[in-house]
Amino acid sequence: MNLSSKANYKDDYENSNKRSDSCGQTLKCGEVGQALLFNGATIGTTVPAATITLDTSKFCNPCIMLEFSSNIIGTLFQGTLNFQLFRSCNNQLPIPVGPQYYFSRPIPAFLADMFSFFVCDCNSCSNECCTYSIVVSVGGSAPVIGNVGIFAARLAAIVVDKPNHDDDCHPCNKLCCKDNRTILKCGTSGGVSITPGTLAGTASTVSTLSLNTSCLCEPCVKLEFASTIAYSSPTTADSTVVNFQVFKLCNNQLNPIPVGPQLVFSVPYTTVIVPPAAPGFSGTSTFSFFVCDCEICNHECCTYSVVATTATADAAVTISNARLSAIAADHNCRCC
């Protein structure tokens, strides 16, 4: 083979690869980072915590799920931290993606806690090289008291091509999905407020998504849920318990059926008052989990919902930024 034919072969091979990869998927993990905020840091002070750079040039209709995880360690820390994801593509100025998530502690304390959430970005353009960054800022109404560090901070991203007509549950576009055995879908964002005295058994749907698995032959779905939960009470003895459950309704079913176990959130409370703290408490945290559903028939269109049911309600609770996402893949790659 001469040099000319080798060059032509290389070009054909690369072009063929671009076509075959145009409906693929990729997983990338960013480097581990950290951010430090010290006593007296004023409101609006910002520090970067984690970054990741993605190249979507091989995707024709990219949809990205970005997951953030960190370990927050504080020394007599009191204050509020805001976490925001930003995207910067092709030398553009950074723009926010998704909502802000909050971490707060109302009383100075030694603490170590995990803090994680995910954000979906299905509005990015193809053929772009984008850097995503998590920026931490001081929020609330007062400067930071004590010192706090966001350690082991990392962003991970799953990028897939969004199938055509998925939202409308049309039959699978075989030309697009032929080589695509992974689907990523992000649902609607919602929330609910629970006030003291809310009746036990009160249920509210906080997030939903519809998923078309007609492209897959033996689908298995991983459903991930993330939310921000703020709570407050005028006394230290009050608490509120909320149960979270995923349900699905497929095709012509009449009633939704539960998926996975029930997960429980309980407002922390104490009967001990530490001077000079006044009675009562408040706080903010994230609440996230995932469940798997591998009992799906082929060619189904299902709607998944996360339902929050009140068990007890003494403290006020607000669930916000609630979002459900799904990653669906072939369970048996040789069935088609």
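Strands β11 and β12 form a hairpin with 6 residues between them. In the turn, Asn251 has a positive phi of about 45°. Strands here are DSSP runs of E, at least two residues, numbered from the N terminus. This is a predicted model: local features need pLDDT of at least 70, side-chain atom pairs pLDDT 80 or more, while totals for chains, interfaces and linings use all residues. Residues are numbered from 1 along each chain as its sequence is written, and side-chain values use heavy atoms, without hydrogens and water.

**Strand pairing around β11**
- Two strands pair if DSSP finds at least two bridges between them.
- β11 and β12 pair in the antiparallel sense over 7 bridges.
- Asn243 stands opposite Val264 in β12.
- β11 also pairs with strand β14 (residues 301-313), antiparallel, over 11 bridges.
- Thr240 has Ala313 in β14 as its bridge partner.
- Of the 11 residues of β11 (residues 240-250), 8 are buried, so the strand is largely enclosed by the rest of the structure.
- Buried means under 20% relative accessible area (1.4 Å probe, protein chains only).

**Aromatic rings**
- Rings of Phe, Tyr and Trp (its six-membered ring) pair if their centres lie within 6.5 Å; edge-to-face means planes over 60 degrees apart.
- The count is 12 aromatic pairs.
- Phe265 and Phe287 pair edge-to-face, 5.8 Å centre to centre, with 80° between the planes.
- Phe265 lies in β12 (residues 257-266) and Phe287 in β13 (residues 281-293), so the pair ties together parts 22 residues apart in sequence.
- Both Phe265 and Phe287 are buried.
- Ring pairs link Phe68, Phe83, Tyr101, Phe103, Phe115 and Phe117 into a cluster.

Technical notes: Rings of Phe, Tyr and Trp (its six-membered ring) pair if their centres lie within 6.5 Å; planes under 30 degrees apart count as stacked, over 60 as edge-to-face and the rest as tilted. Helices (H or I, at least four residues) and strands (E, at least two) are DSSP runs, numbered from the N terminus. Buried means under 20% relative accessible area, exposed over 50%, partly exposed in between (1.4 Å probe, protein chains only).
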